[in-house]
Amino acid sequence: MATDDLNQINELFDGLIERLSPQKRKQLARDIARKLRASQATRIKENKAPDGSDFEARKPQASWRTKKGSIKKKLMFQKLIRTKYLKSGYTSDQASAGFIGLLAYIARQHQYGLRGKVNDQVSTQYPERQLLGFTEEEQALIENALIGQFNI
């Protein structure tokens, strides 16, 4: 569904974008990539999927594993959304937001609900928690950035 909407945006603005100079296209892609990265980080911080539903909660941990007096936050992926790991990228042809390094591997396991190793002896099936994806607000954000570039 989101892909169809993005294809419609692409078809609507494709001719106008081609008329821009490479520098202007790169500037537009940078602006979109930065806004997408910030929007994705905010949504992940709130533990929300792109469709607006909440992430599946963590499994409860055994009480012997937690320190006495510590409070385990219910929020997940708090370090994952740091600028160090969630990067925005852009060229004159594209804009993107995604994870890098080992955390890209971990994020992929959660994104698609894959099986992953906890350590050498233990592996687990992660529930599908869609971290990256387009919401309707992000599609509107892209449209507004494009319209703002052309001063329509």
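What you're looking at is a predicted model, in which local features need pLDDT of at least 70 and side-chain atom pairs count only at pLDDT 80 or more, while totals for chains, interfaces and linings use all residues. Residues are numbered from 1 along each chain as its sequence is written, and side-chain values use heavy atoms, with hydrogens and water left out.

Let's start with a pair of helices. Find H2, residues 22–45, and H4, residues 136–150: their axes come within 10 Å and cross at roughly 155°. (An axis here is a line fitted to C-alpha atoms, for helices over the stretch in contact, and angles run from 0 to 180 degrees between N-to-C directions.) That crossing makes H2 roughly antiparallel to H4. For angles, under 35 degrees counts as roughly parallel, over 145 as roughly antiparallel, 65 to 115 as roughly perpendicular, and the rest as oblique.

Sorted by class, the contact of H2 with H4 has 7 nonpolar, 3 polar and 5 charged residues. In this sorting, Ala, Val, Leu, Ile, Met, Phe, Trp, Tyr, Cys and Pro are nonpolar, Asp, Glu, Lys and Arg are charged, and the others, Gly among them, are polar. Here's a handy rule: an α-helix has 3.6 residues a turn, so residues three or four places apart point the same way.

Now zoom in on Gln-40, which lies in H2. Is Gln-40 buried or exposed? Gln-40 is buried, with a relative accessible area of 4%. (Buried means under 20% relative accessible area, exposed over 50%, and partly exposed in between, using a 1.4 Å probe and protein chains only.) Leaving aside neighbours within four places in sequence, Gln-40 is in contact with Leu-131, Leu-132, Gly-133 and Glu-138. For contrast, look at Glu-137 in H4, which is exposed at 60% relative accessible area. Glu-137 and Ser-39 are 98 residues apart in sequence, yet their C-alpha atoms are 8.9 Å apart in space.

Next, the strands. E1 (residues 86–90) and E2 (residues 95–99) run antiparallel and are joined by 5 bridges; strands pair if DSSP finds at least two bridges between them. Together E1 and E2 form a hairpin with 4 residues between them. You can trace the pairing yourself: Leu-86 has Phe-99 as its bridge partner, and Lys-87 has Gly-98.

H3 is followed by Gly-113, with a positive phi near 70°.

Finally, visit the loop between H2 and E1, where you'll find Asn-47 and Phe-77. Asn-47 has a positive phi of about 60° although it is not a glycine, and Phe-77, also not a glycine, has a positive phi near 60°. Asn-47 is buried at 9% relative accessibility, and Phe-77 is buried at 13%.

How values were computed
Helix = DSSP H or I, 4+ residues; strand = E, 2+ residues; numbered from the N terminus. Contact = heavy atoms within 4.5 Å.
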